[in-house]
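Please look over the sequence and the structure shown here before reading the report. The notes after them are meant to be read alongside both.

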Amino acid sequence: MKREVFVVAGAIIKDNKVFSAQRGNKGETKYKWEFPGGKIEKNETPQQALKREFKEELNVDIEVHELITSIVDEYETQILHIDTYVCSLLSGEPTLNEHINKAWSSKESIDSLVFSPADKPTLDIIKSKYLK
């Protein structure tokens, strides 16, 4: 039986661009681009988890806004439940602690990054609703 994992991700929108980061050489989505985030710990709200993960992974403080999408992505070993939220930066510029690359992408340029196929619904909503 596959384990179920509940994670949150955040799409920082700033100056009509969205922030994403590229994963390193591990896991079932190695080298794919993603909206940063991570697992929700016990007794943590999705918003608290997202703030903690952004602090740990990118050294920034964020404000979490509305939910963009909830998707389920199934892999060989696990089933991921991913809730992605719109976020804004409160301070700082993201610095990479776990990822190998970062990008601020416009509506046009984000298609050049290779995301997981499961991220397509989230990308489509971000492009249509949050980027001009």
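## Basis of the report

This is a predicted model, in which local features need pLDDT of at least 70 and side-chain atom pairs count only at pLDDT 80 or more, while totals for chains, interfaces and linings use all residues. Residues are numbered from 1 along each chain as its sequence is written, and side-chain values use heavy atoms, with hydrogens and water left out.

## The chain as a whole

The protein chain holds 2 helices and 7 strands, where helices (H or I, at least four residues) and strands (E, at least two) are DSSP runs numbered from the N terminus. Read from the N terminus, these elements follow the order β-β-β-β-α-β-β-β-α. The chain is as compact as a globular protein of its length, because its radius of gyration of 14 Å is close to the 14 Å that the globule rule gives for 132 residues; the radius is taken over C-alpha atoms, and the rule is 2.2 Å times the number of residues to the power 0.38. The C-alpha trace spans about 45 × 30 × 25 Å along its principal axes.

Of the 132 residues in the protein chain, 46% are buried, a word that stands for under 20% relative accessible area, with exposed meaning over 50% and partly exposed in between (1.4 Å probe, protein chains only). Among the contacts in the chain with a separation of 6 or more, 67% come from residues 24 or more positions apart, a contact being heavy atoms within 4.5 Å. The protein chain exposes about 7300 Å², and carbon and sulfur atoms supply 50% of that area, as computed by the Shrake-Rupley method with a 1.4 Å probe.

## Strand S1 and its partners

Strand S1 covers residues 3-14 and is joined by 10 bridges to strand S6 (residues 78-91), the two running parallel; strands are said to pair if DSSP finds at least two bridges between them. Within this pairing, Glu4 has Ile79 of S6 as its bridge partner.

On the S4 side Ala9 is partnered by Gly37, and on the S2 side Lys14 is partnered by Lys17. The hairpin formed by S1 and S2 has 2 residues between the strands, and there Asp15 takes a positive phi near 50 degrees.

## Two loop residues with positive phi

Tyr31 is not a glycine, yet its phi is positive, at about 65 degrees. Tyr31 sits in the loop between S2 and strand S3 (33-34), and it counts as partly exposed because its relative accessibility is 43%.

Asn59, also not a glycine, has a positive phi of about 55 degrees. Asn59 belongs to the loop that lies between helix H1 (46-58) and strand S5 (61-74), and its relative accessible area of 42% is why it is classed as partly exposed.

Where in the chain does Ser105 have its place? Ser105 is part of strand S7, which covers residues 101-105, and it counts as buried because its relative accessibility is 3%. When neighbours within four places in sequence are left aside, Ser105 is in contact with Asn16, Lys17, Val18, Ile110, Leu113 and Leu131.
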